[in-house]
Amino acid sequence: MNPVVLITPIEVRHIAGYRQCLDEVARERKYLAFLQAPSLADTRAYVVAQITRRCPYFVALDGENVVGWADMYVSEMPSFQHVGRFGMGVLASYRRQGIGRRLMEACLAEAEHQGYQRIELEVFATNIHAIRLYERLGFTMEGRRIKARCVDGVYDDILMMAKLLSMSHESNPQKLPR
């Protein structure tokens, strides 16, 4: 039977577990730009900054264990604050159970609530399952960077995808609460 996994906004108490989850996914060397997680101190600084800025940031919890995450980074430059840069990961043993979709839907809903107008992401061309998920959730291909990543002598293209959200803040982008 599949575990009951809770999707919840990240809190400071989740940081160590989030870093461990990030590290495990990164060490697979297939899905993330990272090949290992940043230090706990650097991870803590990044997460606390994102929480303070109210950026959409969610974790998937199996009990107290972080088994996945989804977040959106927003530039501090005013001309890009309508755009969220999406990232996510799920531990291997929890994949193909809808957790990634639930994480992504939570992030997208919060981004729309906050008035984001555009969500961008990059995905490795070999990550077919993620690409299909992104397409099902309304992302479209905007470009391809050929041989943009090389790990252990193996190249991969990076696909650039984006989704436009509600334009209710179009006439007043300064309304964004960041």
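Is D23 buried or exposed? D23 counts as buried, at 13% relative accessibility, where buried means under 20% relative accessible area, exposed over 50% and partly exposed in between (1.4 Å probe, protein chains only). Keep in mind that this is a predicted model: local features need pLDDT of at least 70, side-chain atom pairs count only at pLDDT 80 or more, and totals for chains, interfaces and linings use all residues. Residues are numbered from 1 along each chain as its sequence is written, and side-chain values use heavy atoms, with hydrogens and water left out.

**Salt bridges**
- The whole structure has 12 salt bridges, each a side-chain nitrogen of Lys or Arg within 4 Å of a carboxyl oxygen of Asp or Glu.
- D23 pairs with R27 at 2.7 Å, N to O; R27 is partly exposed, at 48%.
- R95 and E28 also form a salt bridge, with their closest N and O atoms 2.5 Å apart.
- R95 sits in the loop between β4 and α3 and E28 in the loop between α1 and α2, so this pair ties together parts 67 residues apart in sequence. Helices (H or I, at least four residues) and strands (E, at least two) are DSSP runs, numbered from the N terminus.
- R29 meets D152 at 2.8 Å, N to O; the two are 123 residues apart, with D152 in the loop between β6 (140–151) and β7.
- R29 is partly exposed, at 32%, while D152 is exposed, at 59%.
- A salt-bridge network links R85, R118, E120, E122, E142 and R145.

- Setting aside neighbours within four places in sequence, F139 is in contact (heavy atoms within 4.5 Å) with residues including M104, I119 and Y134.

**Helix α2**
- This helix covers residues 40–52 and reaches 18 Å from its first C-alpha to its last.
- T43, V47 and Q50 are buried in α2; the buried residues fall within an arc of 60° seen down the axis, so they line one face. That arc is taken from the directions from the helix axis to the C-beta atoms.
- Those buried residues pack against α1, β2 and β3.
- The face turned away from the buried side carries exposed A41, D42 and T52.

Note on methods
Expected span 1.5 Å × (residues − 1).
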